[in-house]
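Open the model in your viewer and keep the sequence panel beside it. We will go from stop to stop, selecting a few residues each time.

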Amino acid sequence: MKIEKLRELVLSDEELRPHLEYIEGLARPSVVLDFADAAPGDHDSRFGGSPVVPAGFTWPEHEVGEYRFLGQINFGELDNGPSILPESGILSLFYAFDEEGEVFWGDDGYVLGFYWPNVDELTATACPHQMSAQPKKLKMTVGVDIPSSAELRNDWPFETDMLYWLAEQGCFADDYMLGYPSFHSLAYDPTPGPAWISLITLKSHDELEWCWHDGDKLMVFIEPERLKAKDFGALKSDAG
């Protein structure tokens with residue numbers, strides 16, 4: 001959501017209006033990820049389908065199953081993006097999958113990230129595992145995010161039922177980068193610790209064959225210094 005729209009919503013509500021400064025102080029940069037109508041080209045940002053990878057790339061595997069391609073972000077498509085994100089290059093994300101459900105989304109290595117700065121050196125590589133879901137091209141919109149769950153703060157100056165009202169007004173996105181983690185069924189802040197921030201939050205999508213925690217959300221976290229260094233080699237995750 002754009003900061004101007006957030007401010008307009010807050011000022012329109014009698015209960016929230018006195019707390020505009022507090023709410024604006026919560027705002028963090030965010031990049032909303034929406035499905036585009038067109039089919040993605042090889043280097044386009046997308047969920048699902050096949051990634052572009054460098055020559056010699058070995059598809060990741062784990063002990064009891066496979067990694068599936070989650071999606072890729074082409075940072076070159078992002079105009080005036082948050083300064084903590086790369087200005088160019090492609091980030092590819094993969095998640096651990098197994099038919100028996102032995103892999104847990106909170107395990108280290110559940111989500112793997114690979115960053116390649118030289119986009120022109122990357123070529124499309126088919127997934128070695130049979131998947132029927134069609135890829136979804138992404139369009140990215142820069143805005144801000146505020147906490148959508150009461151558990152993310154302990155100093156709310158207003159009744160947290162107002163968060164439901166903000167959700168009804170379209171304040172919160174389903175799929176996005178940065179911002180705050182968003183969840184359905186957890187009763188705690190899933191952020192691994194004060195040294196971590198949200199990298200990406202994704203809802204379950206039937207059309208992509210994604211089902212996180214019985215249809216909830218997947219949240220992936222990174223340490224800010226690693227993100228600034230374009231190092232995506234140590235991610236943590238949760239779902240709910």
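Select Arg68 and Phe97. The charged end of Arg68 sits over the ring of Phe97, 3.6 Å from the ring centre. Keep in mind that this is a predicted model. Now select Arg28 and Tyr180 for another such arrangement. Arg28 lies over the face of Tyr180, and the distance to the ring centre is 3.8 Å.

**Stop: the second largest pocket**

Keep Phe97 on screen. Phe97 is one of the residues closest to the centre of the second largest pocket. What classes of residue make up the lining of the second largest pocket? There are 10 nonpolar, two polar and four charged residues.

**Stop: the largest pocket**

Clear the selection. Pick Ser148, Ser149, Leu163, Tyr164 and Phe183. Of the 17 residues that line the largest pocket, these lie nearest its centre. The space in this pocket is about 350 Å³. Which helix gives the most to the lining? Select residues 162-168 to see helix α3, which contributes three residues. By class, the lining divides into eight nonpolar, five polar and four charged residues.

**Stop: aromatic rings**

Show the side chains of Phe, Tyr and Trp. A pair of aromatic rings is described by the distance of the centres and the angle of the planes. The whole structure has 17 aromatic pairs. Start with Phe35 and Phe47. Their rings are edge-to-face, with centres 6.3 Å apart and 80° between the planes. Phe35 is in strand β1 (residues 28-35), while Phe47 is in strand β2 (residues 46-47), so the pair ties together parts that are 12 residues apart in sequence. Phe47 is buried, at 2%.

Next, select Phe114 and Trp116. Here the ring centres are 5.8 Å apart and the planes are at 10°, so this pair is stacked. Phe114 is partly exposed, with a relative accessible area of 25%. Trp116 is buried, at 13% relative accessibility. Together with Phe114 and Trp116, they form one aromatic cluster.

**Stop: the cysteines**

How many disulfides does the structure hold? The count is zero. A disulfide needs two cysteine sulfur atoms within 2.5 Å. Cys127 is buried, with a relative accessible area of 17%.

Select Leu235 and Val111. They are 124 residues apart in sequence, but 6.6 Å apart in space, C-alpha to C-alpha. Leu235 lies in the loop between α4 (224-228) and β13 (236-239). Leu235 is buried, with a relative accessible area of 8%.

Then select Ala36 and Leu138. Their sequence separation is 102 residues, and their C-alpha atoms are 5.3 Å apart. Ala36 sits in the loop between β1 and β2. At 22% relative accessibility, Ala36 is partly exposed.

**Last stop: positive phi**

Select Asn80 and look at its backbone. Asn80 is not a glycine, yet its phi is positive, at about 55°. Where is Asn80 found? It is in the loop between β5 (65-74) and β6 (90-97). Asn80 is exposed, with a relative accessible area of 74%.

Finish with His213. Its phi is near 50°, again a positive value in a residue other than glycine. His213 lies in the loop between β11 (197-203) and β12 (217-222). His213 counts as partly exposed, at 24% relative accessibility.

Note on methods. Residues are numbered from 1 along each chain as its sequence is written. This is a predicted model: local features need pLDDT of at least 70, side-chain atom pairs count only at pLDDT 80 or more; totals for chains, interfaces and linings use all residues. Side-chain values use heavy atoms; hydrogens and water are left out. Buried means under 20% relative accessible area, exposed over 50%, partly exposed in between (1.4 Å probe, protein chains only). Rings of Phe, Tyr and Trp (its six-membered ring) pair if their centres lie within 6.5 Å; planes under 30 degrees apart count as stacked, over 60 as edge-to-face and the rest as tilted. Helices (H or I, at least four residues) and strands (E, at least two) are DSSP runs, numbered from the N terminus. A charge sits over a ring if NZ of Lys or CZ of Arg is within 6 Å of the ring centre and within 35 degrees of the ring normal. On a 1 Å grid over the protein atoms alone, a cavity is a set of points where a 1.4 Å probe fits but cannot get out, and a pocket is an open set with protein on both sides within 12 Å along at least five of seven lines; lining residues have an atom within 4 Å of a point. Grid points are joined across faces, edges and corners, and a volume is the space filled by probe spheres set on the points. Ala, Val, Leu, Ile, Met, Phe, Trp, Tyr, Cys and Pro count as nonpolar, Asp, Glu, Lys and Arg as charged, and the others, Gly among them, as polar.
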